[in-house]
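I am opening a page on this structure to record what I looked up and in what order. Each entry starts from a place in the chain and follows its surroundings.

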Amino acid sequence: MAIYHMSAQVIGRSSGRSSTAAAAYRSGEKIVDERTGEVHDYTRKSGVDYTEILTPDNCGDWAKDRARLWNMTELAEKRKDAQVAREINIAIPVELTPEQGRELVKEYAQENFVNKGMIADICIHGENTHNPHAHIMLSMREATPEGLGKKVREWNDKEE
């Protein structure tokens, strides 16, 4: 029987975090933070089984590049206590095949976030373990063909 788990958190500078570091860790990639010069290299991290970035229809191809996406996010924020991204962590039922789990997560992200204008960076961990789960990092600014637009405050509502 599937056990439900979902948590949401904000990735913010006030807690010393950055979206570039979070994205690099979750995806198992190397991302250089252009704002600070820090190199976040998690290429030796294991357990990352699948990654994909889902974008709204009006968004340009720029957002499919993880390093560019999260660096643009960091550079768009000026405040030292800025909220730069949101992360949703959800359990994937162990009864599903890896392919079914991926489709479920993509459908969930598309319907609940991307269709509202957010960019969703999906990373799935532990597909063949007793703890398959997905990390979905979300933009807090509207996506445009050229880059990131204004912050959408409605996305912070409890109903969302």
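In which strand is His40 found? I looked this up first, bearing in mind that the model is a predicted one, and I found His40 in strand 3, which spans residues 39–41.

**Entry: helix 1**

How many of the residues of helix 1 are buried? I noted 8 of the 9 residues in the run 19–27, so helix 1 is largely enclosed by the rest of the structure. Just past the end of the helix I recorded Gly28, which takes a positive phi of about 70°.

Arg26 held my attention, as a charged residue counted as buried at 11% relative accessibility. I looked for its partner and found Glu87, whose side chain meets that of Arg26 in a salt bridge of 2.6 Å, N to O. Since Glu87 lies in strand 5 (residues 83–91) and Arg26 in helix 1, the pair ties together parts that are 61 residues apart in sequence. I also checked Glu87, which at 2% relative accessibility counts as buried.

**Entry: helix 1 against helix 2**

I wrote a reminder for this step that two packed helices are described by the angle between their axes and the distance between the axes. For helix 1 and helix 2 (residues 66–76), I noted that the axes come within 8 Å and cross at roughly 155°. Angles over 145 degrees count as roughly antiparallel, so helix 1 is roughly antiparallel to helix 2. The crossing of the two is right-handed. On the side of helix 1 the contact is made by Ser19, Thr20, Ala23 and Ser27, and on the side of helix 2 by Arg66, Trp70, Asn71, Thr73 and Glu74.

I went on to the burial of helix 2, where Arg66, Leu69, Trp70, Asn71, Thr73 and Glu74 are buried. At the start of helix 2, I noted that a side-chain oxygen of Asp65 reaches to within 3.1 Å of the backbone nitrogen of Ala67.

**Entry: Arg35 and Glu74**

At 38% relative accessibility, Arg35 counts as partly exposed. Which residues is Arg35 in contact with, leaving aside its neighbours within four places in sequence? I listed Arg13, Asn71, Glu74 and Leu75. The side chains of Arg35 and Glu74 are joined by a polar contact of 3.3 Å, and a network of salt bridges links Arg13, Arg35 and Glu74.

**Entry: Ser14**

I next looked at Ser14, in the loop between strand 1 (6–12) and helix 1, and found that at 63% relative accessibility Ser14 counts as exposed. Leaving aside neighbours within four places in sequence, Ser14 is in contact with Lys80 and Asp81. I noted for Ser14 and Lys80 a C-alpha to C-alpha distance of 6.7 Å, although the two are 66 residues apart in sequence.

How many salt bridges does the structure hold? I recorded 11, and looked up two further pairs. Arg102 forms a salt bridge with Glu127, with the closest N and O atoms 2.7 Å apart. Because Arg102 lies in helix 3 (residues 98–112) and Glu127 in the loop between strand 6 (120–125) and strand 7 (133–139), this pair ties together parts that are 25 residues apart in sequence. Arg102 is partly exposed, with a relative accessible area of 22%, whereas Glu127 counts as buried at 12% relative accessibility.

The other pair is Glu103 and Lys106, whose closest N and O atoms are 3.5 Å apart in a salt bridge. These two are 3 residues apart in helix 3, so about one helical turn separates them. Glu103 is partly exposed, with a relative accessible area of 47%.

How values were computed. Residues are numbered from 1 along each chain as its sequence is written. This is a predicted model: local features need pLDDT of at least 70, side-chain atom pairs count only at pLDDT 80 or more; totals for chains, interfaces and linings use all residues. Side-chain values use heavy atoms; hydrogens and water are left out. Buried means under 20% relative accessible area, exposed over 50%, partly exposed in between (1.4 Å probe, protein chains only). Helices (H or I, at least four residues) and strands (E, at least two) are DSSP runs, numbered from the N terminus. A salt bridge is a side-chain nitrogen of Lys or Arg within 4 Å of a carboxyl oxygen of Asp or Glu. Contact means heavy atoms within 4.5 Å. A polar contact is a pair of N or O atoms within 3.5 Å; within protein, one must be able to donate a hydrogen and the other to accept it, and residues adjacent in sequence count only if both atoms are side-chain atoms. Axes are lines fitted to C-alpha atoms, for helices over the stretch in contact, and angles run from 0 to 180 degrees between N-to-C directions. Angles under 35 degrees count as roughly parallel, over 145 as roughly antiparallel, 65 to 115 as roughly perpendicular and the rest as oblique. A crossing is left-handed if the near helix is turned anticlockwise from the far one by less than a right angle, and right-handed if clockwise.
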